[in-house]
Amino acid sequence: MPVLNLTRKTWLATTVRKADQFLTRLIGLLRRNNLGPEEALWLIPSKGVHTIGMKFPIDVIFLDQANKVVATACDLPPNRISRVRLKTRSILELPRGTIQKSATAVGDQLEILLAESSHMDDLKETLLNRIA
């Protein structure tokens, strides 16, 4: 499942793991040592996150019901708690530096697409044509 910033015409991630159960949201990235350069965790529903017990900093994007960026938190270090944002429906946790690299900002429209990995090349081509 890739994540594309439609406003900026940039990629945020090509591999996204969905955390939409209580335990998957609670555990999140705690068992990980890092995130790959194009990996992300999508927390649904969520209005805030914590990095207590994590081993690495992350970028965090707060999304509304339509996947529009409500807020961002760059380089959230381990053992912190983000602000709770009432307009947020879901949150993307990304590798540190992803927000800056993709130029993602409040108000940007993101697209998160569910796809089979075998169809990823076709999906990338379709999306690149769409934003061109």
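Modeller: One term before we start: two strands pair if DSSP finds at least two bridges between them. Strands (E, at least two residues) and helices (H or I, at least four) are DSSP runs, numbered from the N terminus. This is a predicted model, where local features need pLDDT of at least 70, side-chain atom pairs count only at pLDDT 80 or more, and totals for chains, interfaces and linings use all residues. Residues are numbered from 1 along each chain as its sequence is written, and side-chain values use heavy atoms, without hydrogens and water.

Colleague: OK. Which residue stands opposite Asn-5?
Modeller: Thr-10, in S2. Leu-4 faces Trp-11, also in S2.

Colleague: How many bridges join S1 to S2?
Modeller: There are 3, and S1 (residues 3–5) runs antiparallel to S2.

Colleague: What lies between the two strands?
Modeller: The hairpin of S1 and S2 has 4 residues between the strands. Lys-9 takes a positive phi there, near 60°.

Colleague: What holds paired strands together in general?
Modeller: Backbone hydrogen bonds, in parallel or antiparallel pairing.

Colleague: And what is the strand order in this sheet?
Modeller: S2-S1-S8, an open sheet of 3 strands with antiparallel pairing. S2 (10–13) and S8 (110–112) have a single partner strand each, so one side of each is left without a neighbour in the sheet. From one strand to the next, the twist averages 25°. That angle is between N-to-C directions, from 0 to 180 degrees, with axes as lines fitted to C-alpha atoms.

Colleague: Zoom out. How many helices and strands are in the protein?
Modeller: 3 helices and 8 strands. From the N terminus they run β-β-β-α-β-β-β-β-α-β-α.

Colleague: How much of the protein is buried?
Modeller: 44% of the 132 residues. Buried means under 20% relative accessible area, exposed is over 50%, and partly exposed is in between (1.4 Å probe, protein chains only).

Colleague: What about contacts?
Modeller: Contact means heavy atoms within 4.5 Å. Among contacts with a separation of 6 or more, 68% come from residues 24 or more positions apart.
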